[in-house]
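Here is a briefing on one protein model. Keep the sequence and the 3D view side by side as you read.

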Protein chains: 2
Amino acid sequence: MKVIDEMTGCRLVLASQSPRRAELLRQAGFRFEIHPTFVDEGLLTENDPVQHVASLALLKARAIAEQYDQAVIIGADTVVVLDGSILGKPATVDEATAMLHRLSGRTHEVYTGFALLQKPGNRAVVEHERTIVHFAELQSDEIKAYVATGEAMDKAGGYGIQGRAALFIDRIEGCYFNVVGFPLHKFYITLRDFVIRQDR
Amino acid sequence: MKVIDEMTGCRLVLASQSPRRAELLRQAGFRFEIHPTFVDEGLLTENDPVQHVASLALLKARAIAEQYDQAVIIGADTVVVLDGSILGKPATVDEATAMLHRLSGRTHEVYTGFALLQKPGNRAVVEHERTIVHFAELQSDEIKAYVATGEAMDKAGGYGIQGRAALFIDRIEGCYFNVVGFPLHKFYITLRDFVIRQDR
């Protein structure tokens with residue numbers, strides 16, 4: 001079923017399997033369809049975080065674009081960056097534990113890239129947002145208890161700020177929703193501009 | 001029914017009628033009881049935001065404390081501060097609209113105070129957290145549409161960052177959850193310390 005967003009008058013399609021992104025868009029009042037995409041992130045050897053998230057966001061949007069005649073497809077990707085290296089999603093409990101030990105007592109960055117791709121015509125815009133996150137010093141038993149909840153496993157950097165890891169984070173600088181996985185304000189102004197240009 | 005929190009081994013009682021505070025504590029993994037309190041905020045003529053939220057937090061906790069033999073009672077209060085004056089909850093649509101026009105394109109502060117009160121013995125600790133919030137410039141029609149959703153009405157400053165107002169906020173500096181109404185990290189470290197001292 002086609003869903004038309006009231007704010008923009010567009011058919012919005014979220015090319016993402018992340019329940020968190022869908023939840024953020026929903027709470028912000030957007031109406032949209034969800035079309036999960038599977039992009040092999042391992043194929044991307046890009047080490048620059050902005051290039052990485054921008055490329056993956058666009059790849060995800062493009063992966064499903066051909067299936068729509070008239071829509072704005074939304075792709076997004078989020079990474080955690082510490083000491084210049086990208087932390088992805090931990091594959092094992094040990095990897096999650098090691099990531100949290102690295103983040104403990106330190107400041108890291110979260111980058112989310114998003115792409116808007118319009119059908120017909122393939123006009124696209126790609127943007128990103130960056131937020132600084134300060135982790136408190138964690139004890140080994142806190143990390144152990146956190147990883148045991150299972151929350152760490154499907155998240156970039158091995159934590160979810162919107163879950164129990166909220167307790168570990170002193171402060172952030174920037175957009176909170178960017179850390180959850182989708183920068184709502186930046187998306188809003190970018191989408192508004194993208195749609196207005198289409199109307200001209 | 002008595003509920004014992006696993007993390008602290010305490011019976012925690014939240015003296016609040018705010019569904020947002022309960023939701024934040026729940027998502028962070030705490031187990032607790034809810035006991036709504038009704039404190040007449042109009043009685044408080046305190047203009048200093050820290051004194052204001054600290055006093056109200058403690059008043060809310062004290063208001064129900066006598067009904068418990070053994071528990072840690074949690075009180076909290078949140079205000080929005082702009083140009084040195086406290087913005088409470090708007091009483092009318094016009095008041096909400098006026099508040100949002102004042103916040104538009106400006107930076108304001110959010111203060112949440114919380115109190116922990118232990119029964120028996122009435123040992124108490126009061127803490128607060130402060131977060132800086134940057135609002136984007138809003139158009140009159142955006143404010144009108146936002147107020148029409150009804151979201152503004154029961155919230156300090158006339159907005160909910162966890163709802164559609166997420167679209168209006170560029171960035172924050174500090175604890176996000178403090179803006180929603182409860183500073184999870186500060187609460188966590190304060191509670192941990194409070195409970196450890198009790199054990200000695």
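Asp170(B) touches His185(A), His134(B) and Ala136(B), leaving out residues up to four places away in sequence. Touching, or being in contact, means that the C-beta atoms of two residues, placed from the backbone, lie within 7 Å. This is a predicted model: local features need pLDDT of at least 70, side-chain atom pairs count only at pLDDT 80 or more, and totals for chains, interfaces and linings use all residues. Residues are numbered from 1 along each chain as its sequence is written, while chains are lettered from A and ligands numbered from 1 in the order in which they are written.

**Around Asp170(B)**

- Asp170(B) lies in strand 7 of chain B. Strands (E, at least two residues) and helices (H or I, at least four) are DSSP runs, numbered from the N terminus.
- Asp170(B) counts as partly exposed because it has 17 C-beta neighbours inside 10 Å. The scale runs from buried (20 or more other C-beta atoms within 10 Å of its own) to exposed (12 or fewer), with partly exposed in between; C-beta atoms are placed from the backbone.
- Glu137(B) is 33 residues from Asp170(B) in sequence, yet their C-alpha atoms are 9.7 Å apart.

**Where the chains meet**

- Contacts link 22 residues of chain A with 22 residues of chain B.
- On the chain A side, strand 7 (169-174), helix 5 (176-180) and helix 6 (184-199) each give two or more residues.
- Strand 7 of chain A gives the largest share, 6 residues.
- That side of chain A holds 12 nonpolar, 6 polar and 4 charged residues. Here Ala, Val, Leu, Ile, Met, Phe, Trp, Tyr, Cys and Pro count as nonpolar, Asp, Glu, Lys and Arg as charged, and the others, Gly among them, as polar.
- Strand 7 of chain A pairs with strand 7 of chain B, antiparallel, over 3 bridges. Pairing requires at least two DSSP bridges between two strands.
- Ile172(A) stands opposite Gly174(B).

**Strands within chain B**

- Strand 3 (residues 71-82) and strand 5 (residues 107-119) of chain B run antiparallel, joined by 11 bridges.
- Strand 5 of chain B is also joined to strand 6 (residues 123-135) by 12 bridges, again antiparallel. Gln118(B) stands opposite Arg123(B).
- Strands 5 and 6 of chain B form a hairpin with 3 residues between them. In the turn, Gly121(B) has a positive phi of about 105°.

**The nonpolar core**

- The largest nonpolar core has 124 residues. Such a core is a set of buried Ala, Val, Leu, Ile, Met, Phe, Trp, Tyr and Cys residues joined through C-beta atoms within 7 Å.
- Ile73(A), Ile74(A), Ile73(B) and Ile74(B) have the most contacts inside it.
- Ile74(B) stands opposite Leu116(B) in strand 5 of chain B.
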